[in-house]
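Have the sequence and the 3D view open, and follow along as we go.

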Amino acid sequence: KATPRVRQLTASLVQHIHDFARENELTIDEWMAGLDLMNEAGRMSDDRRNESQLLSDILGLETLVDEITFKLAADAQDEPTSTAILGPFWRKDAPLKQMGDTIVSGIDEAGHRTWMHGIVTDFKTGEPIEGAVLDVWHTAPNGLYEQQDPDQPDMNLRGRFTTGKDGKYNFYCLKPVPYPIPYDGAGGRLLKALDRHPFRPAHIHFIITAPGYKPIVTQIFDSKSKYINDDSVFAVKDSLVVDFIPSQKDPKADFDLPYSFKLASY
Ligand code: DHB
Ligand code: FE
């Protein structure tokens, strides 16, 4: 049964699509080409890839919805940590880890080894948050997520960490690299039709949840990465850009990466 919200969204969508067709004097062939792209996206999608999401991201829609949802003044001081899009490669049930563990279960590539650490706090009180779960995932130095790459062990470069009383977290990971979003399907066809490149700057994804706090979905970006000002899916925000600091102290890490997260309570 239609809810008022469904009626409102459908009426508005129809209005805007009709305007779009009228304003551009859309031809049958052009409309069919659009439907064909959507059908291709549907055919290519399964639990390892989400091609419709790629289309929405290439058109900036997921970033727009993210901004509408969180309405955060980018980079304002004393705001909760900014959010960023989920992207298509999160997996549920990433391995539960202890603080200080590594999320690397494939090759621990020298030159990329990173010690990431920080604290999860309440953005208003500054108090540490106990029981916050950081769900983290990123690409291997070959630019692939583990589910895209038969050579990586299952759940490589993914983990979930739960904070104690001090709100602190820390783990080993690898410094990610710039990475092309999947380019061999409907998303790639759309990018090519627009003469656009498929690359994203190097990034690490997080979902952070804590009892009594609003969950955040976000990413941090390597300041020195190529494409930092030209993300193919428009997700970079200044407050999420970080420095990987070359590290000499820790023989197990090439880089030190401090970053702290601030959550808003309900
Ligand atoms: C997209 C996002 C990612 O983080 C990624 O690794 C690939 C694609 C996307 O928004 O489509
Ligand atoms: Fe990603």
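Start with helix 3, whose buried residues are Glu-51, Gln-53, Leu-54, Leu-55, Asp-57 and Ile-58. This is a predicted model, in which local features need pLDDT of at least 70 and side-chain atom pairs count only at pLDDT 80 or more, while totals for chains, interfaces and linings use all residues. Residues are numbered from 1 along each chain as its sequence is written, chains are lettered from A and ligands numbered from 1 in the order in which they are written, and side-chain values use heavy atoms, with hydrogens and water left out.

"Buried" here means under 20% relative accessible area, with exposed over 50% and partly exposed in between (1.4 Å probe, protein chains only). Helices (H or I, at least four residues) and strands (E, at least two) are DSSP runs, numbered from the N terminus.

Back to helix 3 (residues 51-58): 6 of its 8 residues are buried, so the rest of the structure largely encloses it. What does the covering? Helix 2 (28-44), helix 4 and helix 5 (186-193) are included in what covers those buried residues. Just after helix 3, Gly-60 has a positive phi of about 75 degrees.

Next, look at Asp-66, which sits in helix 4 (residues 61-70). Is Asp-66 buried or exposed? Its relative accessibility is 9%, so Asp-66 counts as buried. Leaving out residues up to four places away in sequence, Asp-66 is in contact (heavy atoms within 4.5 Å) with Thr-83, Ala-84, Ile-85 and Lys-237.

Now for the rings. Rings of Phe, Tyr and Trp (its six-membered ring) pair if their centres lie within 6.5 Å; planes under 30 degrees apart are stacked, over 60 edge-to-face, and the rest tilted.

| Pair | Centre distance | Plane angle | Type |
|---|---|---|---|
| Phe-244 and Phe-255 | 6.2 Å | 90 degrees | edge-to-face |
| Tyr-259 and Phe-261 | 5.1 Å | 75 degrees | edge-to-face |

Phe-244 is buried at 5%, and Phe-255 is buried at 15%. Tyr-259 and Phe-261 are both buried too. Ring pairs also join Phe-161, Tyr-169, Phe-171, Phe-206, Tyr-259 and Phe-261 into a cluster.
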